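Subject: Handover of a predicted model

Dear colleague,

Please find the structure below for your reference. I would be grateful if you kept it open while reading the notes that come after it.

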Amino acid sequence: MNTILLLLSLHGIPASIAADPNKPHPHQGVATVFSNPQPVSLSDAEKRLLQSGKPVLKQVKQGNGGRGIAVMDVKGTEEEVWNVITDYPSYPKRIPELKTTSNYSVDEKNIYTRFIISKMMVSVEYFIKHDLHKDKGYITWTLDYTRESDLDDSTGYWLLYPSPDNPGQTRVEYSVDIRIKGWIPKFIETMLADQGLEDATKWVKKAVEK
């Protein structure tokens, strides 16, 4: 937070737009809210890519941001994959740009997590509400709108099911819809939407298959 305030000051941007856990977010959501996600349709070429051990990446621009979809097959059980995905405090060990992650509320249905991502002396802080539906094979998320985030909005999901193309493996689908505020540099959007999509396929697979 202090880093953000300093950078905003140096660039002449009002500090009032910085993240604040004591204030509600300016709105209750503008990005697509995912519910009961279903497997994405894949072409024969994309299926062959998965069979070769490589991920399938898709990107769809939307408004002032974009939605990305990553699909991969992981050599591990669904439970092993869930254990990695939901270990939010360990994310900074696996994703270099993530400087801080901490859960501030946890119950049977939700995990609330604070994230600080940093690159090129710019830090972005945001608060995520994860909705757990692991018994149905997915987790969805939105911003925690009771707290003000630096991101304008972020929604997404993880979807897990047995791979139909690589028997014994778990198919993992990751999708995210990112909306940024005007003061956030373009390279941060690229990192969150494009690079973040590719990185998601790498660190999950690496952590499960190690």
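The notes below go from the overall fold to selected residues.

The model is predicted: local features need pLDDT of at least 70, side-chain atom pairs count only at pLDDT 80 or more, and totals for chains, interfaces and linings use all residues. Residues are numbered from 1 along each chain as its sequence is written, and side-chain values use heavy atoms, with hydrogens and water left out.

**Overall fold**

The protein chain has 5 helices and 8 strands. Here helices (H or I, at least four residues) and strands (E, at least two) are DSSP runs, numbered from the N terminus. Along the sequence their order is α-α-β-β-α-α-β-β-β-β-β-β-α. Of the 210 residues in the protein chain, 53% are buried. Buried means under 20% relative accessible area, exposed means over 50%, and partly exposed lies in between (1.4 Å probe, protein chains only). Contact means heavy atoms within 4.5 Å. Among contacts between residues at least 6 apart in sequence, 56% join residues at least 24 apart.

**Strand pairing and the core**

Strand β7 (residues 153–162) is mostly covered, with 9 of its 10 residues buried. Two strands count as paired if DSSP finds at least two bridges between them. On one count, β7 runs antiparallel to strand β6 (residues 138–143), to which 4 bridges join it; I139 has W158 in β7 as its bridge partner. Strands β7 and β8 also run antiparallel and are joined by 10 bridges, with L160 facing V172 of β8 as its bridge partner.

A nonpolar core is a set of buried Ala, Val, Leu, Ile, Met, Phe, Trp, Tyr and Cys residues joined through side-chain atoms within 4.5 Å. The largest such core has 36 residues, and Y126 and W158 have the most contacts inside it. At least two residues of this core come from each of β2, α3 (78–85), β4, β5, β6, β7, β8 and α5. Helix α5 gives the largest share, 6 residues.

In α3, the buried residues are V81, W82, V84 and I85. They lie on the same side of α3, because they cover an arc of only 160° around the axis. The arc is that of the directions from the helix axis to the C-beta atoms.

**Salt bridges**

A salt bridge is a side-chain nitrogen of Lys or Arg within 4 Å of a carboxyl oxygen of Asp or Glu. By this rule there are 8 salt bridges.

One of them joins the side chains of R171 and D73, at 2.8 Å from N to O. R171 lies in strand β8 (residues 170–179) and D73 in strand β2 (residues 65–74), so this pair ties together parts that are 98 residues apart in sequence. Both R171 and D73 are buried, R171 having a relative accessible area of 2%. The R171 side chain also makes a polar contact with the side chain of S163, at 3.4 Å. A polar contact is a pair of N or O atoms within 3.5 Å; within protein, one must be able to donate a hydrogen and the other to accept it, and residues adjacent in sequence count only if both atoms are side-chain atoms. Leaving out residues up to four places away in sequence, R171 touches several others, including L42, L50, V71 and Y161.

R114 forms a salt bridge with E125, their closest N and O atoms being 2.7 Å apart. R114 is in strand β4 (residues 110–119) and E125 in strand β5 (residues 122–133), 11 residues apart. R114 is partly exposed at 25% relative accessibility, whereas E125 is buried at 3%.

In helix α5 (residues 186–209), E209 and K205 are 4 residues apart, or about one helical turn. Their salt bridge has its closest N and O atoms 3.1 Å apart, and E209 is partly exposed at 31%.

**T101 and its surroundings**

T101 belongs to strand β3 (residues 98–106) and is buried, with a relative accessible area of 9%. T101 and Y88 are 13 residues apart in sequence, and their C-alpha atoms are 6.4 Å apart in space. The T101 side chain reaches the backbone oxygen of Y88 at 2.7 Å. Beyond its neighbours within four places in sequence, T101 is in contact with Y88, P89, Y91, P92, T113, R114 and F115.

Yours sincerely
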